[in-house]
Each structure stands twice: as C-alpha cells, then as structure tokens.
Amino acid sequence: MIYPFKDKYPLIAETAFIADYVTITGDVEIGEQSSVWFNSIIRGDIAPTRIGNKVNIQDNSILHQSPNNPLILEDEVTIGHQVILHSCIIRKRALIGMGSIILDNAEIGEGAFIGAGSLVPQGKKIPPNTLAFGRPAKVIRELTPEDKKEMERICISYAEKGQYYKSLQS
C-alpha cells in the first residue's frame with residue numbers, strides 16, 4: 001500500500017519493484033531498479049527517507065526516522081531480511097546483514113558489511129570497507145576481495161530479481 005502523509009506522497013521510480021504487502025508512506029523517494037520485498041514497511045511520516053538506485057530492501061524490514069533526522073540509503077545498498085533502520089545513513093555498496101538494527105545518526109561507510117544480528121548504536125560510525133559485527137557492533141577486520149565480490153553478487157542478483165518480478169506486474 002502506498003499512502004500520502006499530509007502533503008507528502010512517496011516518489012517511486014518507474015523501474016523500482018515494490019512487492020506485495022509492502023507499506024510506503026509519506027516523504028519517501030525510491031530510485032531506479034531498487035526493490036522493496038514482501039512485508040517491508042517504509043514510513044516517511046516523521047522525516048524524509050531517501051533510497052538510491054539499485055538498493056534492495058529485503059523481506060520484513062522496517063525503515064523509519066526521528067523528527068528532523070532523515071534516513072538515507074545511497075546507491076547499490078543491500079538491506080537483509082528483518083532489518084530495522086532508524087534515521088541513519090548507509091553509504092554506497094554497503095550491506096546490512098539479516099536481523100540487524102541501525103539506530104539514529106549511525107553511519108555505515110561505503111562498502112562496509114554489517115554482520116547478521118548486529119546492533120549499531122546511535123551515532124556510531126563504521127568505516128568504509130570493513131566488517132563490523134556484534135551487539136554493539138565492533139569492527140572485526142577489513143573486507144577481502146572475496147567479501148566485496150559476494151556483496152556485489154547479492155546486489156546484482158536482487159536488481160535482476162526485482163526487474164523479473166516487476167515484469168510480472170505489467
């Protein structure tokens with residue numbers, strides 16, 4: 001379901017795939033070839049949510065904000081199943097593992113990988129191209145070329161799947 005909130009209506013690129021049972025409200029922008037998967041919720045009724053190109057937001061994820069504190073996902077970001085994002089910044093090509101929670105004013109660096117089930121607390125900065133894991137998340141190591149290749153594979157796979165499913169909606 002797509003809902004306006006007051007004078008704000010979601011702006012969703014023509015090439016984005018929005019699965020069944022997704023709810024998107026208010027001041028939300030979703031870029032080209034992005035995909036939002038089953039049962040996810042993106043609320044833009046407190047502050048803006050900006051989602052770049054080729055971003056995938058997997059099943060049962062929740063995206064929201066605090067007042068005057070936007071949520072930003074740059075291009076080619078992967079958001080795993082059942083992730084909660086709240087007024088944070090996820091830089092290009094980062095991957096957030098399943099079941100993770102990223103809180104207000106946290107920033108995930110470009111190409112960083114947050115391991116499944118992690119909690120990134122308010123204001124925490126995760127450096128680019130690192131693996132962070134835990135509750136609270138701590139940097140474990142630099143990413144290997146193999147890690148980066150796998151992250152890229154996942155991103156491409158979801159962009160392709162999204163376009164396949166999008167073609168079924170026409």
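Asn60 counts as partly exposed, because its relative accessibility is 36%, and the term covers values between buried (under 20% relative accessible area) and exposed (over 50%), taken with a 1.4 Å probe on protein chains only. Its backbone deserves a look too: Asn60 is not a glycine, yet its phi is positive, at about 65 degrees. You will find Asn60 in the loop between strand 7 (56–57) and strand 8 (62–64); strands here are DSSP runs of E with at least two residues, helices are runs of H or I with at least four, and both are numbered from the N terminus.

This is a predicted model, in which local features need pLDDT of at least 70, side-chain atom pairs count only at pLDDT 80 or more, and totals for chains, interfaces and linings use all residues. Residues are numbered from 1 along each chain as its sequence is written, and side-chain values use heavy atoms, with hydrogens and water left out.

Now move along to Asn105, in the loop between strand 14 (101–102) and strand 15 (107–108). Asn105, also not a glycine, has a positive phi of about 65 degrees. With 43% relative accessibility, Asn105 counts as partly exposed. Most residues other than glycine have a negative phi, and most peptide bonds are trans.

A cis peptide bond comes next, joining Arg135 and Pro136 with omega about 5 degrees. Pro136 belongs to the loop between strand 19 (130–134) and strand 20 (137–142).

Finally, follow helix 1, whose 25 residues (145–169) reach 37 Å from first C-alpha to last, close to the 36 Å expected, that is, 1.5 Å times one less than the number of residues. Its buried residues include Asp147, Met151, Ile154, Tyr158 and Gly162.
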